[in-house]
Amino acid sequence: MATTPDPPYVAVIFTNRRTHADDEGYAAAADRMESLAERIPGFLGIESVRDDQRVGITVSYWADDDAVAAWRDHPEHLDTQARGRADWYEWYELRVARVERDRSWP
């Protein structure tokens, strides 16, 4: 689980269904993207799950809109996005939300 500061902060929610193409290449690219995201000032963390139907949800957390924009516009991220559309995803939805409140337990 990501450790986030007190709100407000931004959540980028990426929901998708993976194709059956190039699982190894996808895994390597996902690891690389996480490593790159961690270097963007304002990156707070990431959480990701995928079910047996290949539907996944990844939520990345960012300090502000400027950090999200820096990640969105990163050249290697842009290249990987294009590869995802061409090879790795049947479909995806991207949502950006401002987190105003959060709680955890215990």
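Exposed means over 50% relative accessible area, buried under 20%, and partly exposed in between (1.4 Å probe, protein chains only). This is a predicted model: local features need pLDDT of at least 70, side-chain atom pairs count only at pLDDT 80 or more, and totals for chains, interfaces and linings use all residues. Residues are numbered from 1 along each chain as its sequence is written, and side-chain values use heavy atoms, without hydrogens and water.

Tyr 26, Ala 29, Met 33, Leu 36 and Ala 37 are the buried residues of helix 1. They cover an arc of only 95° around the axis, so they sit on the same side of helix 1. That arc is taken from the directions from the helix axis to the C-beta atoms. The cover over these buried residues includes strand 1 (9-18), strand 2 (43-50), strand 3 (55-62), helix 2 (65-72), helix 3 (75-88) and strand 4 (89-99). Helices (H or I, at least four residues) and strands (E, at least two) are DSSP runs, numbered from the N terminus.

Next, the backbone. Most residues other than glycine have a negative phi, and most peptide bonds are trans. Asp 22, in the loop between strand 1 and helix 1, has a positive phi near 50°. Arg 54, in the loop between strand 2 and strand 3, has a positive phi near 75°. Asp 22 is partly exposed at 33% relative accessible area, whereas Arg 54 is buried at 18%.

Pro 7 and Pro 8 are joined by a cis peptide bond, with omega about 10°. The bond from Trp 105 to Pro 106 is also cis, with omega near -5°.

Terms used. Contact means heavy atoms within 4.5 Å.
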